[in-house]
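The entries follow the order in which I took up each topic.

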Amino acid sequence: MKRILLTGANSYIGTCFEKWVSQWPEEYQVETVDTRNGEWKELDFSPYDTLFHVAGIAHQDAKADQEELYYKVNRDLTIEIAQKAKAEGVQQIIFMSSMIVYGASSKIGETKIITRDTVPQPANFYGDSKLQAEQGILPLQSDDFNVVVIRPPMIYGKGSKGNYPLLAKFANKSPIFPDIDNQRSMLHIDNLTEFIRLMIVNEEKGIFFPQNEEYIKTSEMVSLIAEANGKKIRLIYLFNPTLKILSRKVNVINKVFGSLLYDKEISMYKKSYQINNLRKSINKTEG
């Protein structure tokens, strides 16, 4: 049996991971520890095989006056926990980083493809705090301590935050949506939790880039969301020229309609983890 210590017990990813591995109660035992009150400092880490570190401040909550707090939580806390895990005999740490270490999406009409050789260039202190956390824990890798860094693209699923709920709201209320030709790497929560399970089973180490099998076009996703809710939405080109002009100055437009891709080659793994395709993942999310 694999004993897993999870930080960030009430986080979306942490909760979904616990539920996912509960399918195999004889194989995985997950326990949680709170990182906000210092409780983790008093806990003995030695009984655990893997520490899955998801505690942190998400980019959706970012405020300009919180930069110091982001580095304290996303970077310093991560490094301290990793050091304690190694010192107390934990065999593996898995750290949830983010695709955002590579910066923002491209502007409309452009394509940004990330390969294994792409150098991270964070566009804000959230991305930089994640990257500095990576740089702090990767050197801890040794023969008896494996460090896994996961850089997922946008994660979505039932109960998720971020852009997906906004798109779903639009799909359910508007009869039209801009049909802009873009592509994005995204990751359904089931595909992510299965990937994490495989990281633990195979005692992996290194930096990983999981994503869905298919790239996603924003307008196609909105259309599938509407369909899953028994509605129809008309995709139109009317606003495309205006949106393209606005995208030069309004970053939120690029978040929705820009392109940001992982090369599919870097997301391949020796075991299958992409269990839900786009249509199935939308149906599960909206179900």
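The entries below cover salt bridges, cavities, a pocket and a surface patch.

**Basis.** I worked on a predicted model, in which local features need pLDDT of at least 70, side-chain atom pairs count only at pLDDT 80 or more, and totals for chains, interfaces and linings use all residues. I number residues from 1 along each chain as its sequence is written, and side-chain values use heavy atoms, with hydrogens and water left out.

**Salt bridges.** I took a salt bridge as a side-chain nitrogen of Lys or Arg within 4 Å of a carboxyl oxygen of Asp or Glu. By this rule I counted twelve salt bridges.

I found lysine 217 joined to aspartate 179 at 3.1 Å, N to O. Lysine 217 lies in the loop between strand E10 (206-208) and helix H7 (218-228), and aspartate 179 in the loop between strand E8 (176-178) and strand E9 (186-188), so the pair ties together parts 38 residues apart in sequence. Helices (H or I, at least four residues) and strands (E, at least two) are DSSP runs, numbered from the N terminus. For exposure I used relative accessible area: buried is under 20%, exposed over 50%, and partly exposed in between (1.4 Å probe, protein chains only). Lysine 217 is partly exposed at 24%, whereas aspartate 179 is buried at 10%.

I next noted the salt bridge between arginine 197 and glutamate 194, 2.8 Å from N to O. These two residues are three apart in helix H6 (residues 189-201), a separation of about one helical turn. Arginine 197 is buried at 14%, and glutamate 194 is buried at 8%.

I then looked at glutamate 204 and lysine 270, whose closest N and O atoms are 3.3 Å apart in a salt bridge. Glutamate 204 sits in the loop between H6 and E10, and lysine 270 in the loop between strand E12 (261-262) and helix H10 (278-286), so the pair ties together parts 66 residues apart in sequence. Glutamate 204 is buried at 12%, but lysine 270 is exposed at 60%.

**Cavities.** I searched a 1 Å grid over the protein atoms alone: a cavity is a set of points where a 1.4 Å probe fits but cannot get out, a pocket is an open set with protein on both sides within 12 Å along at least five of seven lines, and lining residues have an atom within 4 Å of a point. I recorded two cavities of 30 Å³ or more.

The largest cavity has a volume of about 70 Å³. Its lining includes Met154, Arg184 and Lys255. Helix H5 (163-173), H7 and helix H9 (251-257) each supply at least two lining residues.

The second largest cavity has a volume of about 40 Å³. Among the residues that line it are Phe195, Phe208, Phe209 and Tyr273.

**Pocket.** I noted about 270 Å³ of space in the second largest pocket. Of its 13 lining residues, Cys16, Lys19, Ile189, Asp190 and Lys284 lie nearest its centre. The largest share of this lining, five residues, comes from H1.

**Surface patch.** I found a nonpolar patch of about 220 Å² made by Leu246, Val250 and Val252. Patch residues have over 30% relative accessible area and no salt bridge; like charges are joined within 9 Å, and nonpolar side chains (Val, Leu, Ile, Met, Phe, Trp, Tyr) within 5 Å. I placed valine 252 in helix H9.

Terms used:
Grid points are joined across faces, edges and corners, and a volume is the space filled by probe spheres set on the points. Accessible areas come from the Shrake-Rupley method with a 1.4 Å probe; for residues, only the protein chains shown count as cover.
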